[in-house]
Structures are given as structure tokens and as C-alpha cells.
Amino acid sequence: MAALCIALAAPVLADPSTPPAALAYTQLRDPAQEATAKALMETLRCLVCQGQSIADSDASLAGDMRSLVRERIAKGENPASIRAWLIQRYGDYVTYDPPLSAVTWPLWLAPIVLLAVGALLARQSFRRRPR
Amino acid sequence: MMAEAGLAALWFAAALAALQLVMAALGLRAASGGPRASTGSARTEEQDAAAPTTVRAELVEGREHQDVNTEILTAVRPIAIVQGLMIAVAMAMLIGVFLNSDMSVKLVVENSHSAKPWLYKFAGAWGNHEGSMLLWVTILGLAGGAVAILERRLPERTLIATLGAQAGIALGFYAFLLFSSNPFDRISPAPADGLGLNPLLQDPGLAFHPPTLYIGYVGISVAFSFAVGALITRDVGPAFARAMRPWVLGAWIFLTLGITAGSYWAYYELGWGGWWFWDPVENASLMPWLAATALLHSVTVLATRDGLRAWTVMLAVVAFSMSMIGTFLVRSGILTSVHAFAVDPKRGAFILVLLAIYIGGALALFAARVGTVRAGNSFELFSREGALVANNLLLSVILGVVLIGTLYPIVAAGFGVQLSVGAPFFDKTVGPIALILVAVMGAGPLLRWRRDDGQAVAARMMWPIAVACFVAAGLVVFASIGILPLLGLSLAAGLAIASVAPLWGRNLRRTPLFTYGMVVAHLGIAVSLAGMASDSAFTTETLVAARVGEPVKAGPFSVVLDGIKPVVGENYSALEAQLTATRGDQTIVLRPQSRYFANPVTTTNESAIATRWDGQLYTVLGQPDDQGRWQLRLWWKPFVTLIWFGGALIALGGALALLGRWRRAARTARREEDARWAAA
């Protein structure tokens, strides 16, 4: 699994001894843009870490991905298209917000189904007619 | 010597557990031919527990059972006690070899180092796979002994069945330890020194977080054993609920503390200001908590109104299954996370078999016996019971969503699909349901048992609703924040008012302690929710490459890097920054470190956090760049501390409720005693 991730990540995986990418640890000037970038980063998975988003990882790959997100946001690209680009490149594994698809619809439907089943079960505990 | 003594104690304890299981089974079989029709007696108990005649009838019945199989039944209690002592000896021996840094023991070599500080040698005994499993079963054994010593309210038969179930659970753990995870294995030749402990774990949190969580898990397993005992003896009723309640409450208090402590540990240790990551292992600790919270409320309905019988037993089964999943999945290595230390895929099969036996067995017993559990009372929608049913429904749905969200990527990976489920999914699904639950929580305690009037409830809810709307309006006008934090803050304000409302118009000195417990716990939820919402709405982040002496802005503070100096710790060397933060005439000095550990080679960020009444200033030292500047990460997090303060309040509320119930039970027992004297 880890080997697979690293293989997938190779295109942006920088040598750790080189200094971090320009925008890895530097915020964008425009606070609104920075907030947008930050919100997106929190939903992207650091591919070489153990269950962390790129917004809270010290791994150099996470730094590179943060830099990439900030650059593209600064250029005016919208978050959805950046996410789509990353998914195209690294697969669904990169996003913590699984896109609705043939594989993920049971996941997204689950809460609604559970609520409905729960409501049906709970009805049994209630009296049909008030006395 | 110590390692061998520990292993011997472990074998003894395992043998005693087997004996305990067999004796309980034999005793119950012998007793099942006895004169007692258990459903009938359950009915008399629940109708009037305080009536002296019932008490006498129970005593007579108890005596008859004693006659049938005195030897077998009376033996089970002492066996449970000795088993607890034996396993405690084994754990003490393991701690002993860690403290002595006995490098001929494999586990010590792999997880310790002679230069490690004392506390981490001690706590390091359970900072690894084998040791943590031994700790688990030690707490289980001690809890079994405690049940054997303390429990006097249950009919003897149910108690023996309970102890039998406990022994059954323990046996699986003993087998797992002895056959695939022996903590006392020797290594030959012994190396000069050990490999050391993961520096992320070298924190006082390690001494506190795992034992607390495990006590919680084990408490749930005791509650589950009670449920098994009740199912086997067909004795599900208010008496069973009252006997089980303190264990559920106790387990829930420790789970709350363990999760709260773990969250704060992750917050200051990981160095990015996050306090909950929806990491699979965090979810694995959250799920038993959710189930225990639901169980806590349904057990109250069962004890008070004799309703939700099958449901309560089912919840006990679910809560136990969740704690098993929590314990084993983390250890199996299926989940990748910081918690998956010492992962060995060969153990996976053993673990899956154990999980299948326990959960499958519990569900099978439930399915076989649920037909004999009479349907409990049914309820009005507008009543305290109705609100508690809603509470159970919503908590169970949240539990289901968290479970599915946690397991979905694992299952998908089994089909060759790689995907991630994280914070955005849980925020969108769990978030709204949790907020509905908060609204119900505000109303629930203001409803009367049995039946209430919708209009009267609305009148009682007027102030909480008004405050929530007022806060929401204020936030919409003065702050532009996301919808979830907005609703979170408003509902937290409303809940804070609603949770203390049950005390209005009451004589505060005559209000029972467990009512205070409920008030404090619900208030804790409001406080914690306010902290979470405030953190996600108002946190300001500053990432800079700072020159010495150059001021940087972080929220309301101006922060200056005064300088960097090297520091040597007991088993690490570090670079320490000195930061001076000023706000108005307030000055704070912070010293974040970047630590370098040699055994094993790791660099960690040690954040420096300043706590003020209105929030925390969180500072982390990063890497230098080629122009002599230092990377700093600074966060101002308004009211973030409320998250953990709320968690502590929730646990305190639980403790007050436990104390209150215990005092009332003691008083009732005294009154029964008096009544018996009067009758005699």
C-alpha cells in the first residue's frame, strides 16, 4: 500500500533534502484566497502519511501539494477543478470527500437509510393511539 | 526470572478463567432444574422492589438455590477474585522487566531503551502491541474480581452467568496472548540495548490515555456480561438494569476521559492545531462511546419505566462489539494510523476469528433469547421516554454512519478500489444529525415521564429557543462564518440554558445528586460544542519565515522571535525558540522546540501553547531557510479549550450521577433492612 502510494506520488515527490516548495509554508496574501486554499487542503489526503490531510502534515510531499494548491488558487482556479485534477492524477484516494459515483453511492445513502430504518424501529415503541 | 514468573502468572490466570467458565456453566445447568420460574420472579421484583414480602420471597428463593449447588456456585466468586490477582501479578512483572530494562526480553528490546526517562519505561510497558493486550486483560480480570466482591443486588444465578461470560471473554484474550503475542518472550543473545520507543508516544499522555480507554472498554464488557447473564437466565428487567447501570456509567466516564485526553494529546503533539482527525482509530474509540451513551440512556428507561428491554440488551451487545472492534482492528494492522504500532499481519487471522466468535456468539445468543424477552412498556411520543428513544435512535444512526465511514475504505480496498473517507464526509453526515440530537437533548430533560403536553413543553423551552435565536442572529450580522459552526454556536447557547433549566424552581438542596449529574453532563456537551464551533469559525493561522527580532501578527497577538538555542533533554537534543507574544499590556514567553531523538531516529515538533481565558496561542518551530530565517507556525484559537473543558464536565457529570445512584441504592438497601427487622 505504502509502496503504491509512493509510486503514485512520484511526479511531485521532492527529494526531502531540497528546501520545501515556495508556498508549502507560506500563506497567500489575499486572506479570502488563503481561506479557500486552506479549506481545500483540509480535504486532501497526504498520500505518504498515515491518515493525515495535507493541511496538517510535515511530510515534504504534503508541502509540495500545499504549494500546488495555493499556486492554483492564486491563479484563480476554483477548488472543485483542482480537486478534479488531483483525482484524475492520483485517483479517488487523494480526496477525503469521496465523489458520488457507482462505488460510493451506498456510502452517501447510508445515513438516510439508517435514519429511515431507525424511525421505523422507534415507531414500534410508541403507542399507536393516545389514550 | 521476572519474565518467567509473569508468564507463569499468565498461564495460571488463563487456567482459572477456564475453570471459572466451566464452573459457571455447570452451576447454571444444575440450577436450571431448580424451583425458580425466572420470568415470574422478575415480575414480582419489578412491581414493588421495596415491599418487605418480596424481599423475603427473594431471600427464600436464594436459599433454595444455595441448597441445590452450593459448592459450585460459591466457588465461582473466589475463582474470579484470584484470577484478577494472578493477571495483575503478570502485568506487574511486565512493568518490572521494562523498569529494569531487561534486554533479554524481546518486547523490551523492541520497544524500550535504557536511557529513556523512568515514566516512559513504566508506561512503555503498554506502549506496544503485546503489553497493551496484557493491560486490557488485566483490567478485565480486576473488573471481574470487583464484580465478584461488590455485586450483591443481582440474583446469584444471574451473577454467576455474568462471571461465566466474563471468563469467556478473558479466555480469548489469554489465548491470543499466550499463543500469538507472548509479552514475556526471551531473546538470545541479548543485545546491548533496545531500539527505543516512538518519540510521539514519549509523553505523559501515554501513562494516562491507554489505561483510561481500556478501563472504559472493559467496563462495557462487564455491562455486556450482565446482559449475557440476564439473557441466559431470562431475567431482563428493571433489577438487571439497576445492576448494570453503574458499570455502564463507570465505563462511560472513563471512555469520555480517555477520548478527551487523547484528543488533547493529539492536539499538542502533532503540531498542526487539529484536535480530531476522523482517523479510523479515533473513530474506533468514538464508536464504543456513542454506543455506551445510548446504552446509558436506554438503561435508565428500562430501570425507571420497564421499557426498551430488547433494545437495551441489543445496545449492550453492540457496545461490546464496538469495543472489541476498537481493540482488535487497531491491533490487526488493517487500519493505518499512528496507533497501529507493532503491527503484525500474521495475527490478523487470530484476531478475526476472535472477533467472529465474540460478536457472532453475542448476536446468536441475542437472536436465540430475544423472543423470551417480553416486550416492555410502550410510550407516548411527547414524554421523557419519547425523547430518550429519539436520543437512542440518533446516537445509533451516528454510530452506524461512523462505522460505515470507517470500514468503507477497507471493504472497497478489498475490491481493488482505493478511496478515502474523512472529515468532509463526517462533517456533512454526522454534523447535521448531531445538531438535531443537541436540539432533542435540550428538550428531553424538560419533558415529564409518561406523558406531556406539547404546548407546556414549548413554554418551558421558550428561553433556550430565544437565546439560540438571539445568538444565531448576532452571528449572522456580526460574523461571516460557515453554516455548521453557526448552528453549533447557537445550539450550544440554547443547550447551555436548557441543560440547567431542570434546576429552575427546584429546591436545590433537595435535588438528587444524579439530577445534578445530568445537568453537568449536558452542560458539558454545550460547552464542548461551543469550543468546537468557535475553533472552526474563528481560528486565525499565521505561517511565516521569521527573522530574529521581527514582529509577526498572530490573531490579537504580536509575536517576536527572540532567538534560537540548543537544549539537551534526557534522551533527545533540541533546538528551542524563544518567542515573546504581546497583546495590549499582556506579555507571554513561549518556547517551542524541534526535538531530535537518536533511538529511534526521529524529529518531532514540540509545540508551545499559552492558555488564556479566551483561547490558546499555539506556536510551532519549523525548519530554518538559507537566508537565516526560521519557519514559524502560529495559531490563535479562541475558546478552543472549551472542547476539553466540556469533555471534563461530561465526565464529572457522569461521576456525580454514579455517586448519586450509589447513595440512593445504599439508602434503599438500608430502608429494606429496617423493613425486614420491622416485619420479623
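In this predicted model, helix H14 (residues 423–443) of chain B packs against helix H17 (residues 483–500) of chain B at an angle of about 20°, their axes lying 9 Å apart. Axes here are lines fitted to C-alpha atoms, for helices over the stretch in contact, and angles run from 0 to 180 degrees between N-to-C directions; helices (H or I, at least four residues) and strands (E, at least two) are DSSP runs numbered from the N terminus. H14(B) and H17(B) are therefore roughly parallel to each other, a label for angles under 35 degrees, with over 145 counted as roughly antiparallel, 65 to 115 as roughly perpendicular and the rest as oblique. H14(B) passes H17(B) in a left-handed crossing, that is, the near helix is turned anticlockwise from the far one by less than a right angle. Among the residues making the contact are B:Leu435 and B:Val438 of H14(B) and B:Leu487 and B:Leu491 of H17(B). By class, this contact has nine nonpolar, four polar and one charged residues.

Residues are numbered from 1 along each chain as written, while chains are lettered from A and ligands numbered from 1 in the order of writing. Local features need pLDDT of at least 70 and side-chain atom pairs count only at pLDDT 80 or more, whereas totals for chains, interfaces and linings use all residues.

The contact of H8(B) with H9(B) has 19 nonpolar, eight polar and no charged residues, and the crossing is left-handed.

Turning to chain A, the secondary structure comes to five helices and zero strands. Buried residues (20 or more other C-beta atoms within 10 Å of their own) make up 34% of the 131 residues in chain A. An automatic or database assignment divides chain A into domain 1 (20–98) and domain 2 (100–131), and 36 Å separate the centres of these two domains, taken over C-alpha atoms.

Finally, the two chains meet. The contact takes 33 residues from chain A and 41 residues from chain B, with two residues in contact if their C-beta atoms, placed from the backbone, lie within 7 Å. The side of chain A that touches chain B has 15 nonpolar, twelve polar and six charged residues. In these classes, Ala, Val, Leu, Ile, Met, Phe, Trp, Tyr, Cys and Pro count as nonpolar, Asp, Glu, Lys and Arg as charged, and the others, Gly among them, as polar.

Notes: A residue is buried if 20 or more other C-beta atoms lie within 10 Å of its own, exposed if 12 or fewer, and partly exposed in between; C-beta atoms are placed from the backbone.
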